[in-house]
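Dear colleague,

Here is the structure you are taking over. My notes follow below it.

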Amino acid sequence: MITINSDGTVTGGTLKSPGSIIQSVSLPFDAYTSDGSGLRADSSTYTDSGMEISITPTVSTSKILVISTGCSFGYKTSDSQVDYFMRLTADHSGISTLELREIEVRHTVATNTTQRLFDSWSMVSNHDHNTTNTITYKVQHKTETATYAWARYKGGDMHLLEIAT
């Protein structure tokens, strides 16, 4: 039992007021390098970008604020357009992969030449998870017209904040 004493101190547990941060996890991700440490998308099927982070919620009723950012690059030879997709997913035991956000990056010009597109991106989601199982969040990428795409070409980061409700 939690008791609030007359002097304002709390005994028997911890009070978490709605909106307070219960825990946080952050990870930076290095930029792509020619040795293959940054994973490349080269098909129209989503694949992992190498950006992955996990958290184990302390209570099932909290929310996880997920913040992911990076600088991507897409490449296409002899075309007037280059575009690719990225998405933010959540996965834990008991559910299939859940897509939280998806973005498309596109550039179109009038001539058929080699197209190169750098773009800074961010995806943010307030995930209502309803579990105390470990949740893994990933950034995945796929090509549309691009020959190749890298979600973290110049690096990226992910931040998770468990927020009391």
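How many salt bridges does the structure hold? It holds seven, a salt bridge being a side-chain nitrogen of Lys or Arg within 4 Å of a carboxyl oxygen of Asp or Glu. This is a predicted model, in which local features need pLDDT of at least 70 and side-chain atom pairs count only at pLDDT 80 or more, while totals for chains, interfaces and linings use all residues. Residues are numbered from 1 along each chain as its sequence is written, and side-chain values use heavy atoms, with hydrogens and water left out.

One of the salt bridges pairs D48 with K138, with 3.2 Å between the closest N and O atoms. D48 lies in strand β4 and K138 in strand β7 (residues 135–143), so the pair ties together parts 90 residues apart in sequence (strands are DSSP runs of E, at least two residues, numbered from the N terminus). D48 is partly exposed at 30% relative accessible area (buried is under 20%, exposed over 50%, partly exposed in between, with a 1.4 Å probe and protein chains only).

Another salt bridge joins D128 and K63 at 3.7 Å between the closest N and O atoms. D128 is in strand β6 (residues 98–128) and K63 in strand β5 (residues 63–91), so this pair links parts 65 residues apart in sequence. D128 is exposed, at 51%, and K63 is partly exposed, at 26%.

S49 also lies in strand β4 (residues 47–55). S49 is buried, with a relative accessible area of 0%. A polar atom of its side chain lies 2.6 Å from the backbone oxygen of V139.

Regards

Note on methods:
Helices (H or I, at least four residues) and strands (E, at least two) are DSSP runs, numbered from the N terminus. A polar contact is a pair of N or O atoms within 3.5 Å; within protein, one must be able to donate a hydrogen and the other to accept it, and residues adjacent in sequence count only if both atoms are side-chain atoms.
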